[in-house]
Amino acid sequence: MTPTQVLAVQRTFALVMPIKEQAAAMVYARVFETDPGLKAMFRGDIKDQEKKLMSALAIVITGLARPESIISAVEELGAKHADYGVRDRDYDTVAGALLWTLEMGLGSEFTPEVKDAWVAAYTYLASIMKRAARTANSHARAI
């Protein structure tokens, strides 16, 4: 990610924070609309999961300017997602839902440059999570 992209993601995420509950609900509604089978992964209160999503996004987006500060937390998150049964294709579903939510929530602020910045951020973070998930799965199989 370029410094300009990091700033674009951070700036637009700050615009989402006042409506974070609504945004999180929109993300999950879109995920479940796109792939209804994913709903089975969520056994608890979805409102709790929505809060966790926004909290995790706040942490990683703040840390994008210093990626080394968030890599271990993102790897840990990826390993946990492997335990939940998250597959690589599920990351694509979530990416689509997140981008759709940002487009709906940001309106004219969701420029092509902002979209590209969010795609770069999500791709970067998801690649770390997927790698950590593969490592966790290979360790589990070795045991």
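Trainee: Which helix gives the largest share of the lining of the largest cavity?
Mentor: Rolling a probe the size of a water molecule over the atoms shows where empty space is left. On a 1 Å grid over the protein atoms alone, a cavity is a set of points where a 1.4 Å probe fits but cannot get out, and lining residues have an atom within 4 Å of a point. Here α5 gives the largest share of that lining, 4 residues. Helices are DSSP runs (H or I, at least four residues), numbered from the N terminus. This is a predicted model: local features need pLDDT of at least 70, side-chain atom pairs count only at pLDDT 80 or more, and totals for chains, interfaces and linings use all residues. Residues are numbered from 1 along each chain as its sequence is written, and side-chain values use heavy atoms, with hydrogens and water left out.

Trainee: How many cavities does a search of the whole structure find, at 30 Å³ or more?
Mentor: The search finds 1. A volume is the space filled by probe spheres set on the points, which are joined across faces, edges and corners. The largest cavity holds about 100 Å³. Its lining has 13 residues, with V16, A23, L98, T101 and L102 nearest the centre. By class, 11 are nonpolar, 2 polar and none charged. Ala, Val, Leu, Ile, Met, Phe, Trp, Tyr, Cys and Pro count as nonpolar, Asp, Glu, Lys and Arg as charged, and the others, Gly among them, as polar.

Trainee: What lines the largest pocket?
Mentor: A pocket is an open set with protein on both sides within 12 Å along at least five of seven lines. The largest one has about 1,200 Å³ of space. It is lined by 39 residues, and Y28, Q49, L53, L77 and H81 lie nearest its centre. α3 gives the most, 11 residues. The lining divides into 28 nonpolar, 4 polar and 7 charged residues.

Trainee: At what angle do α2 and α3 pack?
Mentor: Axes are lines fitted to C-alpha atoms, for helices over the stretch in contact, and angles run from 0 to 180 degrees between N-to-C directions. α2 and α3 pack at about 110°, with axes 9 Å apart. So α2 is roughly perpendicular to α3 (65 to 115 degrees). Contact means heavy atoms within 4.5 Å. Residues making it include Y28 and F32 of α2, and Q49 and L53 of α3.

Technical notes: Helices (H or I, at least four residues) and strands (E, at least two) are DSSP runs, numbered from the N terminus. Angles under 35 degrees count as roughly parallel, over 145 as roughly antiparallel, 65 to 115 as roughly perpendicular and the rest as oblique.
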